[in-house]
Amino acid sequence: MKWLVSLAVLLATVSAWAQSPRDVVILDRVFNDDSDSISNHVKNLPTVILSDTKLDGDGRAPEFANRHIWFVSADGQNPLQIPLDEEWKLEFDLVLTGTPITPRKEAGGFARIGMPWGYSELQFMVNTDANEVVAFGYPFPFYKFNLAYYSGDTIRLGIRFFKDTDGRYKVVYMANELSSPALALADQHIIVQRKWITPGGYLQVNIQAGNPNNGGTAVFNNIRWNGALLRHAFAIRGNIELRDYSGDVTQVPIRAELRLDGMPVRTETLFTDSAGNYVIPEVVPGTYDVAFKASHWLRAVVPNVTVVDADVTGVDASLTNGDIDGDNEVSLLDFGALVAAFGSTPGGDNWNPNADLDGDGDVSLLDFGILVQNFGAVGDE
Ligand SMILES: [Ca+2]
Ligand SMILES: [Ca+2]
Ligand SMILES: [Ca+2]
Ligand SMILES: [Ca+2]
């Protein structure tokens with residue numbers, strides 16, 4: 001009896017753990033071969049509806065398909081880039097309806113994984129024409145379920161991603177009560193160069209020339225997510241000094257980058273308050289190097305910022321002024337840029353706002369003095 005009780009407690013814990021994602025972001029027309037189709041998207045978590053009709057082509061090549069994607073998100077704006085070492089599971093009930101069922105309408109789970117050239121994509125799809133339930137997309141493992149899917153069916157799909165005890169990143173695909181084995185991704189030495197993954201879902205409707213009634217709808221119901229957003233996330237706070245500057249610091253965009261093992265996992269454009277204070281919200285626990293760079297200031301990196309179970313404060317940086325061309329060094333190139341802009345004011349032919357180092361509205365000897373003082377300085381990598 002004892003193990004039964006333990007199992008019941010475990011199941012209660014697991015079901016409480018899986019919740020709706022905090023938010024999702026919908027990317028409209030990722031494929032847009034029929035630009036005058038009528039697409040409609042509904043975000044009403046835990047439900048997302050993607051639909052697209054009038055897929056008869058727009059008379060301009062290519063005329064293949066339209067695709068729409070949603071991704072889990074912390075803010076409804078940006079897909080969440082989850083560090084690879086985070087285990088997560090995404091599940092939903094999917095109803096895909098194709099009108100007509102041919103040409104192909106497909107929908108299902110979707111993921112992007114960071115690669116040295118950008119990213120690669122997983123499709124875990126059902127389709128209306130071949131009736132398949134199948135996952136594919138390098139470097140994700142191929143898997144085909146022994147199930148037949150028909151337009152209008154409800155199917156529960158799930159993707160679980162985790163780092164196994166053998167050190168390899170693996171995925172388990174789920175369809176109704178079936179699960180694939182834990183399957184390793186290909187080329188693990190490549191995926192660890194970027195270290196992020198973003199899950200979600202998608203709809204793709206292929207074009208049928210001459211049929212204005214051609215369309216498809218994917219309803220994702222009961223979306224459940226137990227990944228990084230349900231573990232608490234915390235803020236990183238601190239102060240950024242923009243040195244030798246008398247302008248309005250609240251108007252200076254600062255690019256902040258969170259790096260895990262040297263690899264960027266998140267970038268943000270920050271603005272500080274008038275005292276230089278900033279906040280990076282919703283940071284998943286981990287040990288980060290935090291890099292800050294602003295237009296004509298050198299980059300500063302604060303190493304080993306560890307987020308555990310509370311906001312982290314005092315992550316301060318002081319940025320050296322003088323990098324007019326933005327190459328992260330104060331050199332002769334910047335001197336040349338300052339000379340070229342010397343004497344200018346906003347609106348002038350040779351005005352360069354990045355040469356106005358002190359932010360007083362003209363390029364003068366004061367700016368020259370700042371450059372001389374910092375000449376030869378090089379920012380952090
Ligand atoms: Ca077209
Ligand atoms: Ca059309
Ligand atoms: Ca420079
Ligand atoms: Ca100036």
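User: Which residue in β19 is the bridge partner of Glu 257?

Analyst: In this predicted model, Glu 257 has Thr 267 of β19 as its bridge partner.

User: How many bridges are there between β18 and β19, and in which sense do they pair?

Analyst: There are 7 bridges, and the pairing of β18 (residues 254-260) with β19 is antiparallel.

User: What sheet are they in, and in what order do the strands run?

Analyst: They belong to an open sheet of 4 strands, ordered β19-β18-β21-β22, with antiparallel pairing.

User: Which strands are at the edges?

Analyst: β19 (263-270) and β22 (300-307) are the edge strands, and each of them pairs on one side only.

User: How much are neighbouring strands turned against each other?

Analyst: On average by 25°, with direction ignored.

User: What holds strands of a sheet together in general?

Analyst: Strands pair through backbone hydrogen bonds, in either a parallel or an antiparallel arrangement.

User: Changing topic. Where does Tyr 138 lie?

Analyst: Tyr 138 is in the loop that links β9 (133-136) and β10 (143-144).

User: Why does Tyr 138 count as partly exposed?

Analyst: Because Tyr 138 has 14 other C-beta atoms within 10 Å, and a residue needs 20 or more to be buried, or 12 or fewer to be exposed.

User: What does Tyr 138 touch, leaving out residues up to four places away in sequence?

Analyst: Tyr 138 touches Ser 120 and Ala 186. As for Asp 187, that residue is 49 residues from Tyr 138 along the chain, and their C-alpha atoms are separated by 9.2 Å.

User: On to the domains. What are the bounds?

Analyst: Domain 1 covers 20-225 and domain 2 covers 234-374. Their C-alpha centres lie 38 Å apart.

User: How many residues does each domain put into the contact?

Analyst: Domain 1 gives 8 residues and domain 2 gives 8 residues. On the side of domain 1 that touches domain 2, the residues are 3 nonpolar, 2 polar and 3 charged.

User: And the largest nonpolar core: which residues touch the most other members?

Analyst: Leu 94, Ala 107, Phe 292 and Leu 319 do, out of 82 residues in that core.

User: Where does this core lie relative to the domains?

Analyst: Domain 1 (20-225) and domain 2 (234-374) both give residues to the core, so it lies between them.

User: What is Leu 319 in contact with, apart from neighbours within four places in sequence?

Analyst: Its contacts include Phe 292, Ala 294, Trp 297, Leu 298 and Ala 300. Among the others are Ile 240 and Leu 242, along with the charged residues Glu 241 and Arg 243.

Conventions
Residues numbered from 1 in each chain as written. Chains lettered and ligands numbered in written order. Predicted model: local features only at pLDDT ≥ 70, side-chain atom pairs only at ≥ 80, totals over all residues. Pairing = 2+ DSSP bridges. Helix = DSSP H or I, 4+ residues; strand = E, 2+ residues; numbered from the N terminus. Axes fitted to C-alpha atoms, helices over the stretch in contact; angles between N-to-C directions. Contact = placed C-beta atoms within 7 Å. Core = buried A, V, L, I, M, F, W, Y, C linked by C-beta atoms within 7 Å. Domains from an automatic or database assignment.
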